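Dear colleague,

I am handing over a structure that will be new to you, and my notes on its aromatic side chains follow below it.

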Amino acid sequence: MSTPFSQPQRQDLSTFASIAYVDSKSSVVLQVKKTALAIPVSDHSSGGNFRNVTTGRPQLSNANSSNGLIDDLTVEIVKKSATSKFIIDVYLFGMWNDDPQNKAVILGRQVGSGSIVAIPGAEGNSQSRATTMCVTQTALPTSGTQNDNTMDGYTFRYCDSGFSAPAGSVVKYSPVVVNTKSNTARYYINATIQDNDVLSRERAVSTVIVSEVELA
């Protein structure tokens, strides 16, 4: 069986900007962009869609230093205001082939043609050790019959106010999976390890939503 999706499904949700992602009494939503991704995941034994993520925390100056950046889910947005902030909602589904308790998700941010920097979700002295931000994981079996066919889920919301750029600047956000165990681990996107194009094995659609807001 093959999936009906051949390309990432990208959608401009600007017309739905009235949907409040923040308190409407203290902010104005200027625009909303979304990338929803349903990747065709062919038999993993012959490839499939995954990332081989090396051990170590991504460098703050290079979010993809461990090969964990999922560019299929990159959201590109053009700033409408020089003083606006961004709220990023991430709904990422997939499965690690290694202990999930040593894994995490952060964000990568690129402004214009600059480098993709890691947003660690921590400030000050904690930055060098931070690997995750506001992450909620679903069921994570590590043994037994469900070990290879139950997906993990990461969901979080982050308000990015840690940079400045003029109106008209192109800003991109991407989720970055992190592996802190001392070996390379493989992360399967939107599928389980034992997917193998079997109809009874679940797949998912991962989504990233970026909202530009002007704080009152």
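This is a predicted model: local features need pLDDT of at least 70, side-chain atom pairs count only at pLDDT 80 or more; totals for chains, interfaces and linings use all residues.

Because Phe50 belongs to strand β3 (residues 50-53) and Tyr188 to strand β11 (residues 185-189), the pair ties together parts of the chain that are 138 residues apart in sequence. Tyr188 is buried, its relative accessible area being 7%, while the ring of Phe50 also has the charged end of Arg186 sitting over it, 3.8 Å from the ring centre.

Another of the pairs joins Phe86 and Phe163, and here the centres are 6.3 Å apart and the planes stand at 5°, which means that the pair is stacked. This pair, too, links distant parts of the chain, with Phe86 in strand β5 (residues 85-96) and Phe163 in the loop between β9 (152-160) and β10 (170-179), 77 residues apart. Both Phe86 and Phe163 are buried, and together with Tyr173 they form one aromatic cluster.

Finally, when you look at the ring of Trp96, please note that the charged end of Lys103 sits over it, 5.4 Å from the ring centre.

With kind regards

Note on methods. Residues are numbered from 1 along each chain as its sequence is written. Side-chain values use heavy atoms; hydrogens and water are left out. Helices (H or I, at least four residues) and strands (E, at least two) are DSSP runs, numbered from the N terminus. Buried means under 20% relative accessible area, exposed over 50%, partly exposed in between (1.4 Å probe, protein chains only). Rings of Phe, Tyr and Trp (its six-membered ring) pair if their centres lie within 6.5 Å; planes under 30 degrees apart count as stacked, over 60 as edge-to-face and the rest as tilted. A charge sits over a ring if NZ of Lys or CZ of Arg is within 6 Å of the ring centre and within 35 degrees of the ring normal.
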